[in-house]
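Reader: I have just opened this model and would like to learn how to read it. Could you walk me through it?

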Amino acid sequence: KYLPFLFDEIEKAHHDVFMLTGIVVFIVILLVGGIILLNTQSSSGYKPRKEFLKELADFWEGELKPLGTQEESFRVDFNFEGRKFIFEDVEEKGFKDKINKAYLKFAIPTDFDLTFTQKEQKSVQMKTLIVSDIQDEAVKEGIKINVPEELKDFHVHTNNPKLSNKIFENVKVRRILDRLKNRDARGYPSIPLRILSGVIILEFYAEGSIKPRLHDLYRNVSALEHHLKVLVDLAKTLESFS
């Protein structure tokens, strides 16, 4: 008469062990999943935008503040090698979603303009500058811009062709521009650097593989140092010709 009772107890024990095993397996899966998620976020450099900007400001001992009246747009003012830099993080409205753009800016005492557009384009309208007007200045002066081989895929626009030609004769500048060149998925060339009214502007891209990538700064804010040194080298060359 004890056999049915014994079988019931064994069956109940098996059931309890099965339930306990299932709970343990579930907990292990959650823990492993959490670790993978944290590692993925860490390796991808993901972090909230404002957290990144605060980290960048703290690392470079700068000041984080709103960018004028633009909502959700910020700037970090800081010094590097005795020179004043600005890192701007701008949020703009795209076709569907908001677009995040970032710029490293550095002003030198000149009104020099230098921009690059792909040869397929006739003219480009910019917020503070009409490129076609700059090109006319070179035509009025009757001075040909000697575009180096490294920039053969671009139209060069400037308000000072004499200074531009001097710059293009400098090997270091040509190498800087050559390393900055990009091509998108369609093969169109671009250069993320431009100079407007003496302000050297380097754009960082939030998406894709086009360099320099904002993603790299999210992973390591100290990576900005390389770009700072590039702009300082470029500024020193410009200043030497002034």
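Reader: Which residue lies over the face of Y103?

Author: Let me start with the ground rules. This is a predicted model, in which local features need pLDDT of at least 70 and side-chain atom pairs count only at pLDDT 80 or more, while totals for chains, interfaces and linings use all residues. Residues are numbered from 1 along each chain as its sequence is written, and side-chain values use heavy atoms, with hydrogens and water left out. A charge sits over a ring if NZ of Lys or CZ of Arg is within 6 Å of the ring centre and within 35 degrees of the ring normal. Here K105 lies over the face of Y103, at 5.9 Å from the ring centre.

Reader: How many aromatic pairs does the structure hold?

Author: A pair of aromatic rings is described by the distance of the centres and the angle of the planes. Rings of Phe, Tyr and Trp (its six-membered ring) pair if their centres lie within 6.5 Å; planes under 30 degrees apart count as stacked, over 60 as edge-to-face and the rest as tilted. The structure holds 10 such pairs. One of them joins F78 and F85, which are stacked at 6.0 Å centre to centre, with 15 degrees between the planes.

Reader: Why does the pair of F85 and F106 count as stacked?

Author: The ring centres of F85 and F106 are 4.6 Å apart and the planes are at 20 degrees, so this pair is stacked. The pair links distant parts of the chain, 21 residues apart: F85 is in strand β3 (residues 83–93) and F106 in strand β4 (residues 98–107). Helices (H or I, at least four residues) and strands (E, at least two) are DSSP runs, numbered from the N terminus. F59, W60, F78, F80, F85 and F106 form one aromatic cluster.

Reader: Is F106 buried or exposed?

Author: Buried means under 20% relative accessible area, exposed over 50%, and partly exposed in between (1.4 Å probe, protein chains only). F106 is buried at 3% relative accessibility, and F85 is buried too, at 1%.

Reader: Which residues of helix α2 are buried?

Author: In α2 (residues 49–59), they are R49, F52, L53, L56 and A57. Seen down the axis, these buried residues fall within an arc of 130 degrees (taken from the directions from the helix axis to the C-beta atoms), so they line one face of the helix. They pack against β1 (63–66), β2 (74–80), β3, β4, α6 (214–219) and α7 (224–241), where contact means heavy atoms within 4.5 Å.
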